[in-house]
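These are my notes from going through one model, entry by entry.

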Number of protein chains: 2
Amino acid sequence: MVEKLTEKISDEEKKISRRGLLVGAGKVAAGAAIVTAGMGLVSTAEASKAKFPWPYKKLDIDKVAKIAYENWFKNFCCYAVTSSILIPLREKVGEPYTSFPLMSTKWGHGGAVGWGTLCGSLTGAGIVTGLCAGHDGENILNEVIYWYADTALPMYKPANPKARIKSVNKSDSPLCHISVGKWMKKEGVKFFSPQRKDRCARLSADVAVQTVKFLNAWADGKFKPTHKFPLFGYGITAQENCTECHGSDVPQPLR
Amino acid sequence: MVEKLTEKISDEEKKISRRGLLVGAGKVAAGAAIVTAGMGLVSTAEASKAKFPWPYKKLDIDKVAKIAYENWFKNFCCYAVTSSILIPLREKVGEPYTSFPLMSTKWGHGGAVGWGTLCGSLTGAGIVTGLCAGHDGENILNEVIYWYADTALPMYKPANPKARIKSVNKSDSPLCHISVGKWMKKEGVKFFSPQRKDRCARLSADVAVQTVKFLNAWADGKFKPTHKFPLFGYGITAQENCTECHGSDVPQPLR
């Protein structure tokens with residue numbers, strides 16, 4: 001029963017997703033009761049009523065940036081990015097965004113409750129692209145991560161910055177520890193300094209904006225992925241900065 | 001207006017969370033219309049109707065493990081963990097779990113679409129604890145990550161394994177690349193081998209079970225965090241395995 005149920009839900013969401021590939025068609029929902037050969041009616045408790053993906057409408061990047069920057073100071077990076085995109089979608093679309101608890105995404109901060117892994121702004125981008133762009137979201141997230149690792153950040157200039165900063169830095173990595181560590185070294189500041197906080201708030205605005213640029217292009221049918229997933233280049237899940245941890249003695253991948 | 005709105009939503013979710021600290025009290029919802037001094041009625045489009053956290057009911061770990069293992073082979077690690085916990089909650093609680101699209105969490109696989117960062121099973125644990133346990137979820141996730149890095153995995157023995165494996169390994173790290181890379185080296189197998197896939201499916205079951213053990217204890221009022229967040233030990237977001245990347249020349253943290 002467990003297998004049949006989980007398979008049913010997965011298949012149903014896949015089916016919805018295929019129909020949902022037309023942007024804005026996310027309103028097609030699986031009914032509470034689904035008739036399938038040999039199984040009859042599935043109860044409401046068992047069947048998925050999950051729309052997937054949620055409908056996306058093009059957003060204004062200036063507004064998104066402003067919310068992300070301000071909201072970093074409330075609940076940090078992951079919340080900053082998710083809220084900066086999902087709050088405008090609450091206004092433009094309403095449900096199901098209105099019922100989604102933005103605070104549930106706060107855990108991504110500092111690379112997952114401070115463990116320095118995936119930059120929380122990118123976790124936020126993952127959550128948002130997962131909800132709004134369905135299976136295409138993975139290609140969008142991949143492009144956001146490549147852009148993040150390869151761009152001197154932060155770029156965003158808040159109208160009323162909470163601290164003055166002078167440095168921008170290319171991280172070569174989506175890891176919080178590496179990204180913020182390199183920037184702190186360049187700026188010569190401590191982690192709990194006002195400058196570091198402002199850098200992360202501005203960077204969250206940058207990631208939110210870049211994610212929305214890709215999502216807006218996708219909504220127009222103009223998003224074209226330009227990178228493969230790195231997994232296929234290395235024979236293992238990986239970043240692109242092998243020598244930073246491995247030195248010149250990079251192990252041969254077991255493909 | 002943007003600032004006022006974002007602050008209002010954040011404050012409202014915090015208020016709900018405080019009330020929601022009594023497990024099962026998650027049904028307290030922010031009304032569609034909220035009266036506040038000086039602002040009058042906030043429209044439905046603007047106000048958050050988000051319940052936070054979502055109500056949690058204790059789950060059976062054997063069922064969770066079985067769903068996680070089986071669902072890994074459908075959509076990989078992050079989906080495996082989220083679906084293994086949220087599907088039983090759909091059955092026990094119903095909404096809002098029923099309407100949440102499980103497929104939206106698939107992106108976490110392979111450390112975020114294959115970038116090797118946070119193990120997708122832990123991203124799944126983050127998403128679930130964020131939704132179900134509110135602010136306490138951060139302490140639960142921190143304990144899950146410490147347990148993950150410090151435990152020889154996988155432990156789960158599927159009734160009908162899809163491949164035979166012989167190795168278990170302690171990762172010392174929540175990073176997919178490091179965790180799976182060490183295990184592949186020990187087992188002597190390639191990334192795209194049936195053995196590696198089975199290892200990750202079993203590990204997803206382990207992470208789902210450990211997360212549910214903590215959530216069940218929390219539901220009974222018996223969850224006690226035993227670790228601080230690593231951020232406070234290093235003066236930067238960090239893992240505990242400094243020398244693996246830095247060698248013996250570990251930089252002095254800028255606190």
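**Entry 1, chain A as a whole.** I counted eight helices and two strands in chain A, and I noted that this is a predicted model. Read from the N terminus, the elements of chain A follow the order α-β-β-α-α-α-α-α-α-α. I then looked up burial and found that 55% of the 255 residues in chain A are buried. For contacts in chain A between residues at least 6 apart in sequence, I noted that 63% join residues at least 24 apart.

I checked the length of α3(A), residues 120–132, against expectation: at 1.5 Å a residue its 13 residues should span 18 Å, and because the end C-alpha atoms are 18 Å apart, the two values agree. Just after α3(A) I came to A:G134, which takes a positive phi of about 55°.

I next took up helix α2 (residues 61–92) and helix α6 (residues 194–219) of chain A, whose axes come within 8 Å and cross at roughly 130°. With that angle, I put α2(A) down as oblique to α6(A), and I recorded the crossing of the two helices as right-handed. On the α2(A) side I listed residues including A:I61, A:A65, A:Y69, A:W72, A:F73 and A:I85, and they meet a set in α6(A) that includes A:C200, A:R202, A:A205, A:V209 and A:K213. By class, the residues of this contact of α2(A) with α6(A) come to 18 nonpolar, three polar and two charged.

Which residue counts does each chain bring to the contact? I found 80 residues from chain B and 80 residues from chain A. On the side of chain B that touches chain A, the elements giving two or more residues are α1 (2–19), α2 (61–92), α3 (120–132), α4 (136–149) and α5 (176–187) of chain B. Of these I noted that α2(B) gives the most, with 11 residues. Sorted by class, that side of chain B holds 37 nonpolar, 28 polar and 15 charged residues.

I found α6(B) mostly covered, since 19 of its 26 residues are buried. After α6(B) comes B:G221, with a positive phi near 75°. The axes of α3(B) and α6(B) come within 9 Å and cross at roughly 25°, which makes α3(B) roughly parallel to α6(B). I recorded this crossing of α3(B) and α6(B) as right-handed. The contact is made by B:S121, B:L122, B:A125, B:V128, B:T129 and B:C132 of α3(B) together with B:L203, B:S204, B:V207, B:T211 and B:L215 of α6(B). Its residues divide into seven nonpolar, four polar and no charged.

Is B:F232 buried or exposed? I located B:F232 in helix α7 (residues 231–234) of chain B, and because it has 10 C-beta neighbours inside 10 Å, it counts as exposed.

How values were computed: Residues numbered from 1 in each chain as written. Chains lettered and ligands numbered in written order. Predicted model: local features only at pLDDT ≥ 70, side-chain atom pairs only at ≥ 80, totals over all residues. Helix = DSSP H or I, 4+ residues; strand = E, 2+ residues; numbered from the N terminus. Expected span 1.5 Å × (residues − 1). Axes fitted to C-alpha atoms, helices over the stretch in contact; angles between N-to-C directions. Parallel < 35°, antiparallel > 145°, perpendicular 65-115°, else oblique. Left-handed = near helix turned anticlockwise from the far one by under 90°. Contact = placed C-beta atoms within 7 Å. Nonpolar A, V, L, I, M, F, W, Y, C, P; charged D, E, K, R; others polar. Buried ≥ 20, exposed ≤ 12 C-beta atoms within 10 Å, placed from the backbone.
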